[in-house]
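Please look over the sequence and the structure first.

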Amino acid sequence: MHLPSFLWLWKIAAWSMGLSILAYAILAMSGFWLWQVRNTGRSPIGVILPRGNNFVKQFHYAIGITMVSLVLLLLAVGIVGTLGHFGSLGHSSHLVAGLIVVALVLVSAFSATQISAGKFWARPLHITLNVILFVGFTWVSLTGWDVVQKYLP
């Protein structure tokens, strides 16, 4: 059977991965800002504007939702593209790496929704998952590069 080119899917995946990593970096910076204000009462730049911390918190949430959306888009593109190109999944460790990253992102997002005064477990879990997510993004990027090599002419 002659299938259409899946190059457009891989372009979507490449942009989504790049934007996911950018979102992760922005989340790390805004998360550090929120942590700094919470623990010291001062922002990393030494000034707190009225409502400034609330803006950073809302920005952090918005970028987090964006990253979750991008990672789910990556999952869908990966599944559709791999099934369309190979007819089955599991041709490399990229599938395992991707599923672990998706799970980390979703559990991190869930833990973020649980952060409140009475739930002392949520914030440490959220931070720990995001540190582990750095390793996950690195792993999925490296294995993804190997996958990309299979599709290039």
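What percentage of the 153 residues of the protein chain count as buried? The share is 33%. The model is predicted, and its secondary structure comes to 4 helices and 0 strands.

**Overall make-up**

- Along the sequence the elements of the protein chain follow the pattern α-α-α-α.
- The four helices are α1 (7–40), α2 (52–86), α3 (94–114) and α4 (122–151).
- The protein chain has an accessible surface of about 9,800 Å², and carbon and sulfur atoms account for 74% of that surface.
- Taking contacts between residues at least 6 apart in sequence, 71% join residues at least 24 apart.

**Helix α1**

- α1 is made of 34 residues.
- From first C-alpha to last, α1 reaches 49 Å, which is close to the 50 Å expected at 1.5 Å a residue.
- The residue that follows α1 is G41, and its phi is positive, near 80 degrees.
- S20 lies in α1.
- Is S20 buried or exposed? S20 counts as buried because its relative accessible area is 0%, and the cut-off for buried is under 20%.
- Leaving aside residues up to four places away in sequence, S20 touches M67, L70, V71, L74 and F137.
- Of these partners, M67, L70, V71 and L74 fall within the range of α2 (52–86), while F137 falls within that of α4 (122–151).

**Helix α3**

- The 21 residues of α3 should span 30 Å at 1.5 Å a residue, and the end C-alpha atoms of α3 are 30 Å apart, so the two values agree.
- Buried residues in α3 include A97, G98, V101, V102, L104, V105, S108, S111 and Q114.
- An α-helix has 3.6 residues a turn, so residues three or four places apart point the same way.
- V107 is also in α3.
- V107 is classed as partly exposed because its relative accessible area is 38%, which lies between the 20% and 50% cut-offs.
- V107 and L125 are 18 residues apart along the chain, and their C-alpha atoms are separated by 9.1 Å.

**Largest pocket**

- Rolling a probe the size of a water molecule over the atoms shows where empty space is left.
- The largest pocket holds about 980 Å³ of space.
- Its lining has 30 residues, and G31, L34, H60, I115 and H126 are the closest to the centre of the pocket.
- At least two lining residues of the largest pocket come from each of α1, α2, α3 and α4.
- Which helix gives the most to the lining of the largest pocket? That helix is α1, with 9 residues.
- By type, the lining of the largest pocket divides into 18 nonpolar, 9 polar and 3 charged residues.

**Second largest pocket**

- The volume of the second largest pocket is about 740 Å³.
- The second largest pocket is lined by 30 residues, and those nearest its centre are A13, G78, H94, G144 and V147.
- Here too, α1, α2, α3 and α4 each supply at least two residues of the lining.
- α4 gives the most to the lining of the second largest pocket, with 9 residues.
- The lining of the second largest pocket is made up of 20 nonpolar, 9 polar and 1 charged residues.

Terms used: Residues are numbered from 1 along each chain as its sequence is written. This is a predicted model: local features need pLDDT of at least 70, side-chain atom pairs count only at pLDDT 80 or more; totals for chains, interfaces and linings use all residues. Side-chain values use heavy atoms; hydrogens and water are left out. On a 1 Å grid over the protein atoms alone, a cavity is a set of points where a 1.4 Å probe fits but cannot get out, and a pocket is an open set with protein on both sides within 12 Å along at least five of seven lines; lining residues have an atom within 4 Å of a point. Grid points are joined across faces, edges and corners, and a volume is the space filled by probe spheres set on the points. Ala, Val, Leu, Ile, Met, Phe, Trp, Tyr, Cys and Pro count as nonpolar, Asp, Glu, Lys and Arg as charged, and the others, Gly among them, as polar. The expected span of a helix is 1.5 Å times one less than its number of residues. Buried means under 20% relative accessible area, exposed over 50%, partly exposed in between (1.4 Å probe, protein chains only). Contact means heavy atoms within 4.5 Å. Accessible areas come from the Shrake-Rupley method with a 1.4 Å probe; for residues, only the protein chains shown count as cover.
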